[in-house]
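Q: I have just opened this one and would like a walk through it. Can we start with the pocket and go on from there?

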Amino acid sequence: MSPENVFMRKAAFRLRAMLNSIFFSGIRRLYWSAQGMVIGRHTAVPRMMVTWPHQVQIGSHCVLEPDLFFKFDGICKPGPSIHIGDHTFLGRG
């Protein structure tokens, strides 16, 4: 395989992954917002599991990797109990 062909295949893979992430992030944002989760601006929403979405608040400009799990076991009360601040990075898992 020629070097140009390898480069084009890698570029197409990255572009497809980026567009996929942007598209599905918007759908995930709508879904979690409808469940009561507060998500700040410019935060891409990856695949994640949340036990009580209305107890989670995520700030703006956050970087979240896929496969996160937010578990809330406390006493249910109004307002979020898990606060993720602005400009925060959360790694996978």
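**The pocket and beyond**

A: Helix H1 (3-34) and strand S4 (63-64) each give at least two residues to the lining of the largest pocket. Helices (H or I, at least four residues) and strands (E, at least two) are DSSP runs, numbered from the N terminus. A pocket is found on a 1 Å grid over the protein atoms alone, as an open set of points where a 1.4 Å probe fits, with protein on both sides within 12 Å along at least five of seven lines; lining residues have an atom within 4 Å of a point. This is a predicted model, in which local features need pLDDT of at least 70 and side-chain atom pairs count only at pLDDT 80 or more, while totals for chains, interfaces and linings use all residues. Residues are numbered from 1 along each chain as its sequence is written, and side-chain values use heavy atoms, with hydrogens and water left out.

Q: Which element gives the largest share of that lining?

A: H1 does, with six residues.

Q: How many residues line the largest pocket, and which lie nearest its centre?

A: The lining has 14 residues, and Ser 21, Arg 28, Val 45, Pro 46 and Pro 66 lie nearest the centre. By type, the lining divides into nine nonpolar, three polar and two charged residues. Here Ala, Val, Leu, Ile, Met, Phe, Trp, Tyr, Cys and Pro count as nonpolar, Asp, Glu, Lys and Arg as charged, and the others, Gly among them, as polar.

Q: And what volume does the largest pocket have?

A: About 260 Å³. A volume is the space filled by probe spheres set on the grid points, which are joined across faces, edges and corners.

Q: Back to H1. Is Ser 25 buried or exposed?

A: Ser 25, which is found in helix H1, is buried, with a relative accessible area of 9%. Buried means under 20% relative accessible area, exposed over 50%, and partly exposed in between (1.4 Å probe, protein chains only). Leaving out residues up to four places away in sequence, Ser 25 touches Ala 44 and Val 45. Contact means heavy atoms within 4.5 Å.

Q: New topic: how many aromatic pairs are there?

A: The count is two. Phe 23 and Phe 24 form an edge-to-face pair, 5.1 Å centre to centre with 75° between the planes. Tyr 31 and Trp 32 are also edge-to-face, because their ring centres are 4.9 Å apart and their planes stand at 70°. The rule takes rings of Phe, Tyr and Trp (its six-membered ring) whose centres lie within 6.5 Å; planes under 30 degrees apart count as stacked, over 60 as edge-to-face and the rest as tilted.

Q: Why does Trp 32 count as buried?

A: Because Trp 32 has 8% relative accessibility. Tyr 31, at 47%, counts as partly exposed. In the other pair, Phe 23 is exposed at 51%, and Phe 24 is partly exposed at 35%.

Q: Which residues have the most contacts inside the largest nonpolar core?

A: They are Trp 32, Met 37, Met 48, Val 50, Val 56, Ile 58 and Phe 70, in a core of 15 residues. S2, S3, S5 and S6 are the elements that give two or more residues to this core. A nonpolar core is a set of buried Ala, Val, Leu, Ile, Met, Phe, Trp, Tyr and Cys residues joined through side-chain atoms within 4.5 Å. In soluble globular proteins, nonpolar side chains tend to be buried together.

Q: What is Met 37 in contact with?

A: Setting aside neighbours within four places in sequence, Met 37 is in contact with Trp 32, Met 48, Val 50, Pro 53, His 54, Val 56 and Ile 58.

Q: Now the loops. Where does Gln 55 lie?

A: Gln 55 lies in the loop between strand S2 (48-50) and strand S3 (56-58). Gln 55 is buried, with a relative accessible area of 0%. Beyond four places in sequence, the residues it touches include Phe 72, Cys 76 and Pro 80.

Q: And where is Pro 80?

A: Pro 80 is in the loop between strand S5 (68-70) and strand S6 (82-84). At 25% relative accessibility, Pro 80 counts as partly exposed.

Q: What about the phi of Asp 67?

A: Phi of Asp 67 is near 65°, a positive value in a residue other than glycine. Asp 67 is in the loop between S4 and S5. His 87 also has a positive phi, about 55°, although it is not a glycine.
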